[in-house]
Amino acid sequence: MEKFATVDADGLRARVEQLLAEHDPAGDRLAFLQARFDAGLAWVHYPPGLGGLGAPRELQSVVDDALAAAGAPDNDPRRIGIGLGMAAPTILVHGTDEQRRRWLRPLWTGEEVWCQLFSEPGAGSDLAALGTRAVREQDSWIVNGQKVWTSMAHEARWAILVTRTDPSVPKHAGMTYFACDMTAPGVEVRPLRQITGEAEFNEVFLTDVRIPDEYRLGDVGNGWRVAQTTLMNERVAIGGGAAPRESGTIAAVCRTWRERPELRTPAGHAELMRLWVEAEALRLTGLRLRQQLAVGAPGPEGSAAKLSYARLNQAVSGFELDLLGDEALRYDDWSTGTWATKRPAAVDFLARSPGYRYLRAKGNSIEGGTSEILRNIIAERVLGLPGEPRVDKDVPWKDLPK
């Protein structure tokens, strides 16, 4: 990636001032975001022409802080998080120049929402076992199969999709990666209701969906390698996010502890201190991970951060229920109304009940890679321990028991 040696913090501030002088941040929101992208101030570490300037990634905060101080609109990152955190870095690494120009700008501005068509009823923890087929037909691929646990599918314009294109080779070798138009004929999205009562995820059925070959990311049969880029970034996005001290669920628990002295016990005090320290250690680990990202691609350390986040969030939400006792059993019924069919992209978890937070946290150890899979990654790729015996490693996918 080309670096612009002259783009430093002062240079970025000057570019922000120029953007603000030429485009009213209080005016048309989309027009301002498009102008910001075109000025290279969307993600400064991306190449020129693709929303960046080839500048060091850590200088992004210079731009973000200056624009926030000016009251400029953001691009609603929680709504388009899958596009920003997973699709964009994959397109940048594995896409063609034409694909990058076509998809990155509307992705960043939020004009086009992305979702992720990876997990299947029979292939989630073992993604390489997926069975959704893509068969070549001249300049297109015909796709049939079912995906599940798909966030934002009900709003998405595009999806990153992994398919099986060669069942005659071992499972990791016969996969191919595409961008899928979610408005194409044959794409059906159905909401899935969760233990909280809401419908946050979806199942997606693909029936004779035609995908042009020009939407393929990477070589035919190289989908596993492309998917690894997505998954590494996904785990960093979930577990390595920048957050202020004492934020998230631990903030709600600490507030209750300070405001409700009648709930305090010596044992509770010790447990809260332990969880608070863990939360702070995880926050600092996330900051270090982001600094590592500034100088290269994400590594398997993101798996450790995601694993720790899931375990800690479940422990903190469980402690909150213990602290409040019967009071915590009050239930918010999300099985009726709008949330029965879809959940808003941005949810204020701290405004929800402790019971909701406890139930929702159960999904943390499944989504974005199960904790069991992440432990394998840490053992093998971080600690260098021997891998688990894999009897299916060299067996053609079509011969594996289904």
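**Entry 1: Asp181**

I started with Asp181 and found it in strand β5, residues 175-181. Strands here are DSSP runs of E with at least two residues, and helices are DSSP runs of H or I with at least four residues, both numbered from the N terminus. I noted that this is a predicted model, where local features need pLDDT of at least 70, side-chain atom pairs count only at pLDDT 80 or more, and totals for chains, interfaces and linings use all residues. Residues are numbered from 1 along each chain as its sequence is written, and side-chain values use heavy atoms, with hydrogens and water left out.

Is Asp181 buried or exposed? Asp181 is buried, at a relative accessible area of 17%. Buried means under 20% relative accessible area, exposed means over 50%, and partly exposed lies in between (1.4 Å probe, protein chains only).

Next I looked up the partners of Asp181. Its side chain makes a polar contact of 2.7 Å with the side chain of Arg157. A polar contact is a pair of N or O atoms within 3.5 Å; within protein, one must be able to donate a hydrogen and the other to accept it, and residues adjacent in sequence count only if both atoms are side-chain atoms. I set aside neighbours within four places in sequence, and Asp181 is then in contact with Arg157, Trp158 and Val187. Contact means heavy atoms within 4.5 Å.

I checked the UniProt record. It places "domain: Acyl-CoA dehydrogenase/oxidase N-terminal" at residues 14-111, in an unreviewed entry. It also places "domain: Acyl-CoA oxidase/dehydrogenase middle" at residues 115-209, again from an unreviewed entry. UniProt positions follow the numbering used here, feature names are shortened, and annotations may be inferred rather than shown by experiment.

I then looked at what each span is made of. Residues 14-111 are 57% helix and 0% strand, and their end C-alpha atoms lie 27 Å apart. Residues 115-209 are 0% helix and 47% strand, with end C-alpha atoms 16 Å apart.

**Entry 2: salt bridges**

How many salt bridges does a search of the whole structure find? The search finds 26. A salt bridge is a side-chain nitrogen of Lys or Arg within 4 Å of a carboxyl oxygen of Asp or Glu.

I looked up Lys171 and Asp126. Their side chains form a salt bridge at 2.7 Å, N to O. Lys171 lies in the loop between β4 (158-164) and β5, and Asp126 in the loop between β1 (114-117) and β2 (133-137), so the pair ties together parts 45 residues apart in sequence. Lys171 is buried at 6%, whereas Asp126 is partly exposed at 33%.

Arg136 and Asp213 came next. They form a salt bridge, with the closest N and O atoms 3.8 Å apart. This pair links distant parts of the chain, 77 residues apart: Arg136 is in strand β2, and Asp213 is in the loop between β7 (201-212) and β8 (216-217). Arg136 is partly exposed at 41%, and Asp213 is buried at 17%.

I also found Asp399 in a salt bridge with Lys398, the closest N and O atoms being 3.3 Å apart. Asp399 is partly exposed at 46%. Salt bridges with shared partners join Glu271, Arg274, Glu278 and Arg311 into one network.

**Entry 3: backbone angles**

I looked at phi. Met152 has a positive phi of about 65 degrees, although it is not a glycine. Met152 sits in the loop between β3 (140-147) and β4, and is buried at 9%. Asp208, also not a glycine, has a positive phi near 50 degrees. Asp208 is found in strand β7.

**Entry 4: Val220**

Where does Val220 lie? I found it in the loop between β8 and α6 (223-239). Val220 is partly exposed at 42%. Its C-alpha atom is 5.3 Å from that of Thr176, which is 44 residues apart from Val220 along the chain. Beyond neighbours within four places in sequence, Val220 is in contact with Trp141, Thr165 and Thr176.

**Entry 5: helix α7**

I followed helix α7, residues 249-259. It is mostly covered, with eight of its 11 residues buried. Among the buried ones are Ile250, Val253, Cys254 and Trp257.
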